[in-house]
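Here is a quick walk through the strands of this model and the space between them. Have a look at the fold, then read on.

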Amino acid sequence: MLTSAHVAAGAGGRVEVFQPSGDGTWGGVVVWCGTPGGRDDAALVLLDDDPARPSPGAVRWGRMVTDEPGAACRTWGVPDVAQRPGQPVEAVQMEGRINPGSGFVGNQYVVDLLQHPPQWSQQDTSPWGGLSGAAVFCDQLLVGVVASDRAHSGHGQLNTVPAYVLHHDPAFRAVLAEHGGPATGLEAVEFQHLADMPAGDRTGVASPAALLQAGRQTVPFHGRDDLLADLLAWCAQDGFGAWLLHGPGGQGKTRLAHHLAGLLAADNWAVLWPGSDAEVAELRALRHVLKPLLVVLDYAEARTGQLTALVEAAAGHSGTTPFKVLLLARTDGDWWTQAKSATRLTEEHLDEALSILLAPLEQAPGPRAQAYRTAARALADALPRVRGLAHLDWRAAADALPAPRLDHNGHANALTVQMTALADLLDTATPGGNDTTEVSAVQRAQEVEDRLLGHERRYWQHSAATHGLSPALSRGTLEKALAAAHLVGAADREQADRTWSTLPALADQPRDRRDQVTAWIAALYPPAVPGRPWGALQPDRIAERHIGRILDTDPALAEHLINGADDAQTAQLLTIYSRAAAHPVFDGRLDTHLTSLCIRLPHRLIPHVIATAVQADHPQPLIAALDTLTTDPTTDIGDLTTLYDLFPHSSRRLARTAVHLAQTTNSHYRALAKANPDAYLPDLATSLSNLSNRLGGVGQRAEGLAAMEEAVRIRRALAEANPDAYLPDLATSLSNLSNRLGGVGWRTEGLAAMEEAVRIRRALAEANPDAYLPDLATSLNNLALDLRDVGRRAEGLVAIEEAVRHSRTLAEANPDAYLPDLAMFLNNLALHLGEVGRRAEGLAVMEEAVRIRRALAETNPDAYLPDLATSLSNLSNRLGGVGWRTEGLAAMEEAVRIRRALAEANPDAYLLALATSLNNLAVRLGEVGRRAEGLTAMEEAVRIRRALAEANPDAYLPDLATSLNNLAVRLGEVGRRAEGLTAMEEAVRIRRALAEANPERFDADLRRSLDVAAWLRSLPQ
């Protein structure tokens, strides 16, 4: 029980607790006590055990995360103003508002009471005396405890100790944990309406399986120390960050996220677990958050729309405090690639997001026995909270459990170990359940879900009788209804009834009987989302096993459900069906059933099959269905084209299927074009272009080139007959052909194709600049690069100058759309000018590129800071080239600062660029005589490149040798000959090995290092 420190005895003291209008009192002991009258003026009282005492239920803690005033709050208490002599103690319920800015210096919340302040004539006392210790709630969240009447407020305000102050105290958190309070973290008060409902009341649990829900945190958290340290370090960085944590079901992703949220509460963080129904428009309001916030998006693979909204919120966030999004998913497949490229903002903000596969917790068999014992004892302590199981001595049962065999790899999964412990405990209380028959470790790991389902079924049967469903409906019918409920879900009671109407065993039942089924499932698994008819059987693996068992015996159930399902239900069915099919106990049978279902109902299911295959952790049966449909010669060309349009532009999982589909589509159009060229040649050209792209995506570059060459031939013929209609398509095909030719090393031929594309687009832009000028500018930029690659630099300069002129015109008319392109073209123009000796002009152009990118980076640093660093580095080179060494040094120092910050946030992406900038900085420092500082920069560059080379020698050993070579020169220049020789000897060893493997590329580098070594030896010792 929470109260105030100044009304309780000190820690260890006894107190007496009563409830207004209640009978009797209860004793308790103060187990934690803050400072009376201080910032933490609160205390925790552990009440004596008493079965007659009502349980208060679970507590959800919260804190304010914005500065929006007027947060509604309420409190109950027994203030002096409500008491009358000779009468029972009276309670008062009060409402108020909290303005987060009031009292923040003193780490207080100030409650502005809505009711008029009472008349109070007793001097030196407060009408609110006796209210101290009252809990203050904002809707469902406990945000603080009343401490005192606020001075000079005319009794209109109350000082409140915030929950975040209490959670900051390690002793407070330890007491909560010791007495069963899970480390759930502090929820965001202003956004609690968006939050998923937490696991149910810890004091009353409906079924044993519910104890395994990650949110209940029944089993103590252990392990993952290194990953937790990395997560905490990531959270410590200001601004936005995203981290994807993926792994199989039961690996511990959600449990880890709950534990992280609890740890962050100590540093005043808030946490938000958005519900699946949280509106994207409301999620965007998170941009107003001013306090450190962790957003945990569970099942992220199915919630990419919410992820996009969170990124949009991050784009509008101040960035002065951490705004972190932790994504939990079963896989990081194509859904993740597509989510990162969904919009410009997601590309900018998620490009640097981390993606980590969560490894099994107990990889070695040895520690599993202890993990099993710990789980058994924790579950034994919790089982008395399950209805009907309080009378058994579960701790004795846990202590008597024999050591199980846990050497199968399945027991590396944390949930499998915990399910095994729970099933073993429950078996001890079931007649005949404690079967001593020896089973293999493989069987024990794979069948644990079925053992727990056996215990759940007893709960189902008892509840069905209570709801009047048994024996009116058979056990099989009820279990199918449960499977259907979890397989497709329902948004409301009406949709639930439509679901029952699709099942043959329930379709002919009266409405009130079907409503009884809905009420029965809701009682078994209460809804987490208000308005939904029921919740979920958890953990997911138990629900999947139940669904799999039903579908294995009655595959037609899925088709019945599909006939009445909407899009959301269809997508859910395919997702859960594929997860159930992944369970090894079904030995591929469910794969066959699911593939057959998709093939039988292509028009209804295929859009969902593609979307689910991209995100599912077991997509094989879905891909098999797509492969069958795409290679079926009887499939109508219209259906094939529609199917192709549904495929993602890029997908590793579906890449081969997309090739097969493109080939089949191309074959159809080839036959149609042969019979009717006027009607179908344009479609054949499009199908060839698509086939070329898909072939290139799977590495078949030569075949992709041949397809694109044919597409160009067809479109050339079409454009000759009808230039107005087909010239734009021809230009696009020529541009793509240029890329294909370059990809196989045919640069001269690729240049010719790009030159023709430019000629066509120039003519189109002259006729219609609004439509075609952007394409012309891009083609000219690409042409300049192609000309540079074949040594025709002067012509490349002409092309890039024209590209810049057009881009400048476009940017003046629409800067938001075209300024980034202008900066890129200017950057390329500066490089071309420098290469033809026009350094001063190149410098001016590069300065303009820097100005543009600096402005872009100020508006959107995540997107444009890397480009700004690149332009600053190039500017430094240009300044040095014209003798402006001091200015060049300043530009390089800024580039280093930017890249250092980028590398701290995302070392994988930016460490190499930082090392390059440090190398260049050392050169610039040497040019202005600051050799000692240059040496320091070069030494840091060597350290970075050494670490990179140790992780990936093939990629980074040449760079390490370059830095060692430069370091040796710097050491020689400051008189440290011996150290320079040591560095140079290492550079020579590396370059000698590289030259032996590839003499054409590295012989010249080796000779330069040998020359530097000779120079160093010539220096005086």
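## The open sheet

Arg-14 stands opposite Val-29 in E3. This is a predicted model, where local features need pLDDT of at least 70, side-chain atom pairs count only at pLDDT 80 or more, and totals for chains, interfaces and linings use all residues. Residues are numbered from 1 along each chain as its sequence is written, and side-chain values use heavy atoms, with hydrogens and water left out.

E2 and E3 (residues 25-33) run antiparallel, joined by five bridges. They belong to an open sheet of four strands, ordered E1-E4-E3-E2 with antiparallel pairing. E1 (2-3) and E2 (14-18) sit at the edges with a single partner strand each, so one side of each has no neighbour in the sheet. As for the terms, strands (E, at least two residues) and helices (H or I, at least four) are DSSP runs numbered from the N terminus, and two strands pair if DSSP finds at least two bridges between them.

Helix H2 (residues 170-178) lies across E3 and E4 (43-47), running at about 140° to E3. Contact here means heavy atoms within 4.5 Å; axes are lines fitted to C-alpha atoms, for helices over the stretch in contact, and angles run from 0 to 180 degrees between N-to-C directions.

## The barrel

Six strands close into a barrel, in the order E6-E7-E8-E11-E10-E9, with antiparallel pairing. From one strand to the next, the twist averages 40°. Here are some of the pairings:

| E6 (residues 71-77) and E7 (residues 92-98) | seven | Cys-73 and Gly-96 |

## The cavity

How many cavities of 30 Å³ or more does the structure hold? There is one, and the largest cavity has a volume of about 40 Å³. A cavity is a set of points on a 1 Å grid where a 1.4 Å probe fits but cannot get out, and lining residues have an atom within 4 Å of a point. The volume is the space filled by probe spheres set on the points.

Its lining includes Cys-73, Gly-96 and Val-146. E6, E7 and E8 (109-113) each supply at least two lining residues.

Methods:
On a 1 Å grid over the protein atoms alone, a cavity is a set of points where a 1.4 Å probe fits but cannot get out, and a pocket is an open set with protein on both sides within 12 Å along at least five of seven lines; lining residues have an atom within 4 Å of a point.
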